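Subject: Structure handover

Hello,

Please find the structure below. My notes on helix packing and on one surface feature follow it.

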Amino acid sequence: MYTFSSKLKTFAFVMMALGLVGIAFGFLTAPKTIEDVEKILADSHHGGHHTEAVAHESHDEHAAVATHHEEAKTETVVADSLKTENDTVAAAAPVVADHHDNHKAEAAHGHDHAGADAHAEHQEHLEHVLHQLQNKPWAALYVACIFFMLISVGVLAFYAIQWAAQAGWSPVLFRVMEGITSYLLPGSIIFFILLVASGMHLNHLFVWMDPEVVKHDELIQGKQGFLNVPFFLIRAAIFLAGWNLYRYFSRKNSIAQDNANDDSFYKKNFKLAAGFLVFFIVTESIASWDWIMSVDPHWYSTLFGWYVFASFFVSGITTIAFVTLYLKSKGYLEHVNTSHIHDLAKFMFGISVFWTYLWFSQFMLMWYSNIPEEVTYFITRIENYKLPFFGMLALNFVFPILILINTDFKRLSWVVVMAGLLILTGHYIDFFNMIMPATVGDQWFIGVSEIGSLMFFFGLFIVVVFTALTKAPLLAKRNPLIEESKHFHY
């Protein structure tokens with residue numbers, strides 16, 4: 001039986017405590033009023049928005065001067081006409097005077113109207129930035145929360161695949177996978193609370209939840225049959241409940257198989273895994289549309305579900321490798337050998353290539369078609385998120401390929417750890433790129449909120465996973481394929 005190290009437990013709780021402080025700091029320091037935003041923008045952009053306001057005023061003054069010149073020309077023409085037609089002066093003077101006064105009034109009204117428009121536009125911009133900056137701690141929390149939760153979902157899918165395929169190499173790793181998937185329950189609860197908070201308008205993460213926005217947006221109005229808060233939350237509850245129920249029963253059957261006299265629980269898990277994978281394929285795609293793609297409700301991609309799946313699937317496999325190597329270093333999992341590590345590294349390599357294929361297919365087809373509704377998604381990320389956008393591509397494709405392409409390297413623990421750190425970092429940034437541009441715009445930076453959120457969920461992940469590992473033996477001893485897995489070599 002595994003014993004949770006006191007040092008690791010202390011480290012995890014310290015991470016959670018520091019993370020909570022960072023999260024609280026992010027919410028407390030978020031701007032509360034438009035005046036706060038004006039101060040922030042003045043400090044960060046050196047008065048950029050004040051310059052914009054001055055430009056509006058200069059434009060208005062120029063228009064006023066032009067109006068004055070026109071008035072002067074009109075007066076000259078009228079004066080010449082009065083000199084040549086003295087017999088009509090008495091009748092014409094009141095008319096000209098009235099026309100002159102009306103013209104001046106119209107010009108003054110136009111000047112006031114232009115100034116009011118400029119002021120309203122400036123206020124609207126400040127309110128938009130206020131929403132973005134208020135979104136920032138929410139978005140940081142959301143990205144970290146969904147990232148760690150989906151890691152456990154990726155491991156759950158990999159675990160189900162092993163059962164359905166009746167794989168002979170992986171049963172010695174089953175308890176590691178079951179430990180990691182234990183995070184799914186607390187992760188799902190926190191995530192669902194965040195979704196409910198969005199539905200209650202405590203943040204502006206999902207713009208389609210704002211009635212004022214929907215009122216003036218015909219495209220979102222056309223999607224209201226699907227994108228509405230009650231249906232959105234119902235779908236989320238069904239997806240999360242289904243995934244958690246599969247995890248509960250598969251874990252229960254797996255442990256029961258240890259003390260069984262036959263393979264009945266093994267057969268139950270085989271059938272359960274096959275059914276779950278059908279459910280998962282459908283629900284994962286819809287969940288990716290709901291929880292990630294709908295933050296950009298004007299944009300869609302037909303392969304987005306696969307793209308998101310590849311991202312958290314490779315992250316989950318990498319996490320299996322990390323936990324396995326950690327337990328090996330502490331003297332556990334004596335039956336796990338370099339061939340098992342090699343297989344995990346092969347999956348890390350292969351799914352990284354698959355993710356890159358999906359990324360390129362999505363980007364290239366949309367960029368080449370040059371359809372505004374599609375290409376805008378990438379333009380905003382390339383212009384405002386250039387470093388994370390292209391840096392993520394290097395972390396998720398270039399470096400893992402260079403590091404793991406060699407067969408011998410896949411058997412070296414330190415190489416797998418190095419590649420894994422790059423993969424996990426890169427895919428966190430991938431989720432960052434998918435969420436942040438639509439929620440905080442160009443007001444992004446990796447700050448206290450982002451670091452604090454990562455620290456909290458990382459600490460929570462460690463506590464839940466390693467506590468679960470202490471609840472059952474680390475070897476699924478009665479699994480029919482366990483002997484094949486113990487002696488797995490090639």
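Axes here are lines fitted to C-alpha atoms, for helices over the stretch in contact, and angles run from 0 to 180 degrees between N-to-C directions. Please bear in mind that this is a predicted model.

Helix packing

Two packed helices are described by the angle between their axes and the distance between the axes. Helix α1 (residues 6–29) packs with helix α16 (residues 448–469) at an angle of about 150°, and their axes are 7 Å apart. Angles over 145 degrees count as roughly antiparallel, so α1 is roughly antiparallel to α16. The crossing of these two helices, α1 and α16, is left-handed. Sorted by class, the residues in the contact of α1 with α16 are 18 nonpolar and 7 polar, with no charged residues.

Helix α16 also meets helix α5 (residues 174–181): their axes come within 7 Å and cross at roughly 140°. The pair α5 and α16 is therefore oblique. For α5 and α16 the crossing is right-handed, whereas for α1 and α16 it is left-handed.

Surface

Which residues form a nonpolar patch on the surface? They are F226, F231, I234, I238 and W289, and together they have about 440 Å² of accessible area. Helix α9 (residues 229–258) contributes the largest share of the nonpolar patch, 3 residues. One of the patch residues, I238, is found in helix α9.

Regards

How values were computed:
Residues are numbered from 1 along each chain as its sequence is written. This is a predicted model: local features need pLDDT of at least 70, side-chain atom pairs count only at pLDDT 80 or more; totals for chains, interfaces and linings use all residues. Side-chain values use heavy atoms; hydrogens and water are left out. Helices (H or I, at least four residues) and strands (E, at least two) are DSSP runs, numbered from the N terminus. Angles under 35 degrees count as roughly parallel, over 145 as roughly antiparallel, 65 to 115 as roughly perpendicular and the rest as oblique. A crossing is left-handed if the near helix is turned anticlockwise from the far one by less than a right angle, and right-handed if clockwise. Ala, Val, Leu, Ile, Met, Phe, Trp, Tyr, Cys and Pro count as nonpolar, Asp, Glu, Lys and Arg as charged, and the others, Gly among them, as polar. Patches are made of residues with over 30% relative accessible area and no salt bridge: like charges are joined within 9 Å, nonpolar side chains (Val, Leu, Ile, Met, Phe, Trp, Tyr) within 5 Å. Accessible areas come from the Shrake-Rupley method with a 1.4 Å probe; for residues, only the protein chains shown count as cover. A salt bridge is a side-chain nitrogen of Lys or Arg within 4 Å of a carboxyl oxygen of Asp or Glu.
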